[in-house]
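Subject: Structure handover

Hello,

Here is the structure I promised to pass on. My notes follow below it.

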Amino acid sequence: MELLIKNVRLLHEYGFGDRRVCIGIKNEQGRGRIAYVGEAEPSEETKEVIDGNGNLVIPAFYNAHCHAAMTLFRGYGEDLPLQRWLNEKIWPAEERLTKRNVYVGAKLACAEMIRNGIVSFTDMYMFEDSVADAVLEVGMKANLSRCIVSFDNSADMKNDSRVREAIELADKYNGAGNGRIKIDMSLHAEYTNVPNMCEYVARYSAEHGFGIQVHVSETEREHNECIERHGKTPIEFFESVGVLDVPTSCAHCVWVSDNDIEIMKKHSATAVHNPVSNLKLGSGVMPLHKFLEAGVNVALGTDGTASNNSLDIMKELNYATLLAKGIQRKPDITVASKMIDLATVNGAVSQGRYDCGKIKVGMAADLVMIDMNAPNNMPCYDVAAAVTYSANSSNVLMTVCDGRILYRDGEYTSIDIKGLCSEFGEVTRHYFD
């Protein structure tokens with residue numbers, strides 16, 4: 001085996017209780033997979049052994065909705081509602097983006113996510129080839145999409161510049177890095193696209209086997225104006241044009257009807273909960289309990305750092321769990337041991353990565369070690385509750401993606417963090433001059 005992590009605890013769902021276990025990892029066709037999970041230390045020769053000192057190892061986190069390069073705009077355009085934030089601040093700033101600053105911004109986002117235990121993210125933006133290059137360099141996984149907007153229903157959709165960029169991105173990067181990169185198609189939202197474009201992207205995705213990323217019912221205004229335009233909610237509209245006929249990741253889903261939720265369940269679409277961003281922009285709160293009761297796959301996302309301002313799934317997990325309890329006034333409406341799935345395996349499912357998100361033999365070795373000896377995690381009577389309620393991203397001791405250690409005890413293995421921060425400073429220093 002390439003790596004053995006011993007003397008660690010697992011979540012109780014794996015059947016070991018509080019007993020210490022070992023996790024063995026082997027390299028198979030360029031990817032690290034879990035080859036052993038058990039109490040006894042295996043006799044097989046191992047290249048590297050790590051003593052976990054009784055700390056907790058859980059599946060690594062998945063950020064199911066992100067605009068990574070928006071690290072460039074962290075702290076810019078604060079305290080505004082979504083439409084003013086977009087029209088007055090973000091969209092004008094994005095007009096000045098270049099391949100270089102998107103690359104640097106995305107790479108800094110990767111560093112932040114790795115530090116926070118995230119091994120994969122779902123990204124919708126522009127210059128996504130630069131994002132792909134950053135992901136491949138640092139060793140993460142990502143589902144990347146070139147964001148498409150359209151406003152002329154009579155235009156030639158297949159020759160739209162954004163559509164061409166999306167197809168070129170897929171031709172060059174889909175499956176790159178031994179499958180670490182997956183390419184999706186994306187429609188920014190209903191209110192930023194015409195029906196013919198939505199139909200074209202849906203048809204192209206179905207014919208070529210791509211999933212689709214889309215913003216859905218983020219604000220009450222968006223939801224109601226769609227009904228005025230089409231006589232349908234955004235989810236009903238996307239169903240009518242075929243978008244939901246392929247695996248679809250629907251970000252936000254704050255203002256949805258009960259029928260919308262049933263439609264998403266019928267089509268096996270994922271609802272991506274972005275509680276911090278939605279709170280900060282004053283957009284509202286997803287009715288999480290309704291999605292969970294209906295059996296919809298729900299994953300967690302951070303959105304971009306311009307509207308969050310961090311890339312921290314542990315924070316999203318905490319907010320999501322507590323918000324549902326408080327709004328519904330039912331402390332058992334969310335349960336810590338079940339909510340962790342939203343941050344891990346449900347995110348993997350949303351990306352079509354069905355061999356990820358669990359600590360089981362044969363699964364991808366995507367792991368996070370949490371410091372259970374930190375003062376904020378002591379004592380620990382319930383490890384799932386500790387992850388959900390008391391732990392935070394500063395407690396991440398190690399991040400492993402496909403069996404490769406990307407971060408351990410304060411050090412990055414694939415990033416020159418000082419050099420990256422210096423370059424990022426150069427890129428942003430005069431951005432708004």
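Where does Asn309 lie? Asn309 is in the loop between strand 14 (297–300) and helix 11 (313–328). Helices (H or I, at least four residues) and strands (E, at least two) are DSSP runs, numbered from the N terminus.

First, the ground rules. This is a predicted model: local features need pLDDT of at least 70, side-chain atom pairs count only at pLDDT 80 or more, and totals for chains, interfaces and linings use all residues. Residues are numbered from 1 along each chain as its sequence is written, and side-chain values use heavy atoms, without hydrogens and water.

Now the backbone. Most residues other than glycine have a negative phi, and most peptide bonds are trans. The bond from Asn308 to Asn309 is cis, with omega near 25°. Met378 to Pro379 is also a cis peptide bond, with omega near -5°. Pro379 sits in the loop between strand 15 (367–370) and helix 14 (383–390).

Gln29 is not a glycine, yet has a positive phi of about 55°. Its loop joins strand 2 (21–28) and strand 3 (31–38). Asn53 is in the loop between strand 4 (48–51) and strand 5 (56–59).

Last, a helix pair. Ile313, Leu317, Ala320 and Thr321 in helix 11 meet Met339, Ile340 and Ala343 in helix 12 (contact means heavy atoms within 4.5 Å).

Best wishes
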